[in-house]
Amino acid sequence: MCVFFYTFVRFLTYIYVMKTNFGFIRVAAAVPTIHVADCAFNVKQVKELISEALEEGVEVICFPELTVTGYTCADLFFTQQLQYDALQAMEQICQFTREKPIIVLVGAPLKVDNNLYNCAFVMTDGEVVGVVPKINLPNTAEFYEKRWFTSGRAVREHDGTPRIPTIELWGGDVPFGTDLLFMTRDYCFGIEICEDLWSPLPPSTQLAIQGAELIFNLSSSNCLTGKHAYRRQMITQQSARVHCGYIYTSSGVGESTTDVVFSGSTYIAENGELLEQGERFRRDNYMVVSEIDIERLRTDRQRNTNFTKDQHGHYRKINVAPIERSVSFTESTHRSFSMFPFLPDKQETVSYATDVLSIQTSALARRWEHTHAETVVLGVSGGLDSTLALLVAVLTADKLGYDRERVVGVTMPGFGTSDRTYQNALTLMEQLGITIQEISIREMATLHLQDIGHDLETHDVTYENAQARIRTLVLMDLANKFNGLVLGTGDMSELALGWCTYSGDQMSMYGVNAGIPKTLVRFMVRFAAENLFDEQTRRVLIDVIDTPVSPELLPTDDKGEIVQKTEDKVGPYDLHDFFMYYYLRYGFTREKIAYMALQAFEDKYSEDEVVKWLNVFMHRFFTQQFKRSCMPDGPKVVSVSLSPRGDLRMPSDICEI
């Protein structure tokens, strides 16, 4: 039955992966080579990029501000010929989109009544579905837009209702205004133009509050020293502030260089993360492509109770129905997924690790002071978790100005303790200058198992858990003896899987590692080894990192080597941390998590392995909640937590979903 279920789940997962895009919307920020005021030439470049985008499976492509004329036409914008050529160019592009599964955003000047507006046209399947005028017109330094254009504010009444709700284009009425939201079957998007983003109240803020999940910015921001970094930061911050995907493209080097230079900057950001940025100063047509995760954005908006719709806003929702694409693009995404979502980028290693240690040591320092404990007591096994907890305890003592001898490290050899971990534990404690206690639990465990009538040759869960509970008993009693605080060493990954003994290593007086995933534990021990301690201590720490993860509750082999390896039993921790991050942080379905894991670990794990260990993770996560429901206090460190008092409030008897 189990084999059938596993095969069936794998089959469903495979079918689902092949038939869905999992909420990913493929977008492009395009920069055509242009000739200023040569609309015919510019249209040709736009068409070439649209064709290229179609081959890439792009759903929405965004071009720069005033695409078909160029931004630097200056007083030529007043001429009837350029205005006519621009409108003819837009009609050609619009016709080019007919029967093509793509939405195209193109910039052009547009005369409405007696005013000229700097506009973004939204086109699909041979129709213009809406036109959005620019609101904020720069008129300082090198910019003089108010000389030629009228602000989009002019098309709305004081109460926000549209004054010019539609315009006539090529024989039909088209929605016109700054209050347009474009709705497709799968997502909603809004538009702002260049300076709109730089204003004190960017239109994208209100657009997002009203429902826009993607913001497209058609821009012509020129290049100055230092401006590139500032602009990039502003885009990523705005995408984070309003939980949106932000797609930005700016005019390229084809613009006039009479007074300024344009570099063709392109960015695709999502919720504070820069997914793609293009090469600047290119002299050919180019675009950057990536996928925006709509489901991820919706999760954050759902959890942000301040992200509520402004009922006083007046916004029109325009239905956009592009031709459906028949082929999924999920087998070859432009977007990459890190194998280690809890770890920092390489350039942020020091600041990130420093923050982690600061959080842990500050948390323990507060608890140590508050309880007036003379000591902290912890079991030191020679494994990763207890090593990090020991380092945190020592650094906390240093922070408080306490003698390190107030840290009591206890090594408790049992039936499965290897010489390697035993020696590493002793050496590390000696090097750090703490108080060392060695108490073998072999005799205690033997007597206890005999007392309850358990065969010592039966190495089952009773045999294993008896040792874990005896170790906890020893630590608790030593804490009483030394007026101490028992420091828990178990990490967040073990808690997620329930890979701990209830009322054994699951229990402590403060869980200093409870907010640290296993991959981050390994990272932190390595950071400490390379940056915080002397050479001899470093060698021990590196060997701890290289030692297989194990609870060491089963006897070693004939050579004294570890037999019981955790990852052989429950699966690789790099996979489990990946699963945990995307399930707890965003609540994704297991099918989507499997798809993302296959992309991230394509050279490391097969589809069979990913699906197998994902099913293990989900089963253990739901069945082991009772251990987390009564877990001790411990600090939250990363963006998710398993605390029943904080991030995760879940019934212990819930069914697996």
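In which loop is the place of Glu 552?

Analyst: The place of Glu 552 is in the loop between α15 (535-546) and α16 (566-570). The model is predicted, and the backbone of this residue has a phi near 50°, a positive value in a residue other than glycine. Glu 552 has a relative accessible area of 7%, under the 20% limit, and therefore counts as buried.

The relative accessible area of Ser 503 is 43%, between the limits of 20% and 50%, so Ser 503 is partly exposed. Glu 552, by contrast, is buried.

The side chain of Gln 238 makes a polar contact of 3.1 Å with the side chain of Thr 205. Leaving aside residues up to four places away in sequence, Gln 238 touches Thr 205 together with Leu 197, Pro 202, Ser 204, Cys 244 and Tyr 246.

An α-helix has 3.6 residues a turn, so residues three or four places apart point the same way. The N-terminal end of α7 is capped by Asp 293, with a side-chain oxygen 3.2 Å from the backbone nitrogen of Glu 295.

Rolling a probe the size of a water molecule over the atoms shows where empty space is left. The count comes to three cavities of 30 Å³ or more. The largest cavity holds about 140 Å³ of space. Its lining consists of 16 residues, and those nearest its centre are Gly 490, Leu 495, Asp 505, Gln 506 and Pro 632. By class, this lining divides into six nonpolar, six polar and four charged residues.

The second largest cavity holds about 60 Å³. Among the residues lining this second cavity are Val 31, Pro 32, Ile 34, Pro 64, Glu 65 and Leu 66, and also Ser 251, Gly 252 and Glu 255. Its lining has five nonpolar, four polar and two charged residues.

These parts belong to a protein with 20 helices and 20 strands. Of its 657 residues, 55% count as buried. The C-alpha atoms fill a box of roughly 100 × 60 × 45 Å along the principal axes. Among contacts between residues at least 6 apart in sequence, 74% join residues at least 24 apart.

Finally, confidence in the model should be considered. The mean pLDDT of the protein is 92, and 95% of its residues reach 70 or more. Over residues 1-8, however, pLDDT is below 50, and this stretch has four contacts in the model beyond near neighbours in sequence. Residues 10-19 also stay under 50, with 15 contacts beyond four places in sequence. Where pLDDT is low, the predicted coordinates should not be read in detail.

Technical notes:
Residues numbered from 1 in each chain as written. Predicted model: local features only at pLDDT ≥ 70, side-chain atom pairs only at ≥ 80, totals over all residues. Heavy atoms only, no water. Polar contact = N/O pair within 3.5 Å; in protein donor to acceptor, adjacent residues only side chain to side chain. Helix = DSSP H or I, 4+ residues; strand = E, 2+ residues; numbered from the N terminus. 1 Å grid on protein atoms, 1.4 Å probe; cavity = no way out; pocket = protein on both sides within 12 Å on 5 of 7 lines; lining within 4 Å. Points joined across faces, edges and corners; volume = space filled by probe spheres on them. Nonpolar A, V, L, I, M, F, W, Y, C, P; charged D, E, K, R; others polar. Buried < 20%, exposed > 50% of the residue type's maximum accessible area, 1.4 Å probe, protein only. pLDDT = per-residue confidence, 0-100. Contact = heavy atoms within 4.5 Å.
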